[in-house]
Amino acid sequence: RWNMHNKQVENHTKRLQRSSRMDGIFHILNGIQSVPLRINYEVLQVVEAIYDNGKGRGETAGLPRLQPKERTNMPEGLTEDQIKDWKRQERMKHEENVRINSRSLKVVRTLKAARKYVKYAAIYTPWNVDYRGRAYGCSTDINVQGDDLCKALLEFAKPTPLQNEEDVYWFFVAGATHAAYKAPGQTRGLDKQNFDARVDWIKANHDNILESAENPLPTTGKAWWLQVSEDEHPLEFLAFCFEYSRMVAYKAANGSLIGWECRMAVPFDGSCSGLQHFSALL
């Protein structure tokens with residue numbers, strides 16, 4: 001076990017205790033760490049079904065195959081040129097398997113963590129802050145700053161009820177941004193268009209979104225969600241389809257969206273942060 005009382009740790013602890021500016025940082029980190037999350041069971045089911053139906057081959061919705069490409073023995077009776085061609089193909093398979101092994105290991109660890117924590121009503125992740133003041137999740141297998149799979153597998157366990165129906169606008173914007181669909185003949189995807197255009201696209205595809213939530217698997221449904229988002233964030237868009245379906249059901253049952261709890265995070269990306277720093281300095 002690593003010695004937690006070595007001289008370096010003791011000196012660092014003393015410096016922290018002398019600092020009068022750490023309380024604010026601790027308060028922020030504790031606030032982030034206190035947000036309860038849970039595993040999105042519907043997304044987990046779809047991901048596991050994709051791998052099961054493909055027997056570990058994946059290669060759908062941005063998921064890498066788990067099984068390496070099969071290597072072959074050199075056939076007999078090949079010419080010198082054919083032998084060179086065979087060696088080239090086998091070398092390419094080897095290089096591809098190295099990439100597959102790296103990506104598949106991460107997916108296996110993420111799914112293992114999701115299966116472990118899916119039984120809990122709420123989970124909490126530890127956070128850290130670096131010398132620049134940037135906050136990072138400490139959990140390496142699954143956290144909200146991970147890839148498309150990680151983010152799609154996590155949702156809020158205790159979301160705040162909706163108080164204004166107009167706020168659904170931003171939920172729609174997030175869904176369209178995840179899809180980032182680029183229509184034929186267009187040079188810009190949805191994620192590069194204005195917010196109103198993104199919301200209009202979601203409304204125009206109301207039936208497609210509900211169909212995707214009802215029949216998400218590519219083997220059983222038309223998987224529209226995958227067709228329009230495969231090059232961007234397909235699993236996060238699938239999570240949006242599930243959440244959209246629950247939203248529609250809530251409004252049908254209550255006549256209003258007031259009180260609806262959105263479990264999906266609505267991300268915002270800070271653009272041109274340099275101007276923000278200049279503004280702070282001035």
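Buried means under 20% relative accessible area, exposed over 50% and partly exposed in between, with a 1.4 Å probe and protein chains only. By that rule S212, with a relative accessible area of 1%, is buried. This is a predicted model, in which local features need pLDDT of at least 70 and side-chain atom pairs count only at pLDDT 80 or more, while totals for chains, interfaces and linings use all residues. Residues are numbered from 1 along each chain as its sequence is written, and side-chain values use heavy atoms, with hydrogens and water left out.

**Surroundings of S212**
- S212 is placed in helix α8 (residues 206-214), where helices are DSSP runs of H or I with at least four residues, numbered from the N terminus.
- Leaving aside residues up to four places away in sequence, S212 touches W224, W225, L238 and C241, a contact being heavy atoms within 4.5 Å.
- A polar atom of the S212 side chain lies 3.2 Å from the backbone nitrogen of W225.

**Aromatic pairs**
- The structure holds 13 aromatic pairs, meaning rings of Phe, Tyr and Trp (its six-membered ring) with centres within 6.5 Å, where planes under 30 degrees apart count as stacked, over 60 as edge-to-face and the rest as tilted.
- One of them is the stacked pair of W201 and W224, at 5.5 Å centre to centre and 25° between the planes; W201 in helix α7 (residues 195-204) and W224 in helix α9 (residues 224-229) are 23 residues apart, and both are buried.
- The F240 and Y244 rings have centres 5.8 Å apart and planes at 45°, so this pair is tilted.

Terms used: Helix = DSSP H or I, 4+ residues; strand = E, 2+ residues; numbered from the N terminus. Polar contact = N/O pair within 3.5 Å; in protein donor to acceptor, adjacent residues only side chain to side chain.
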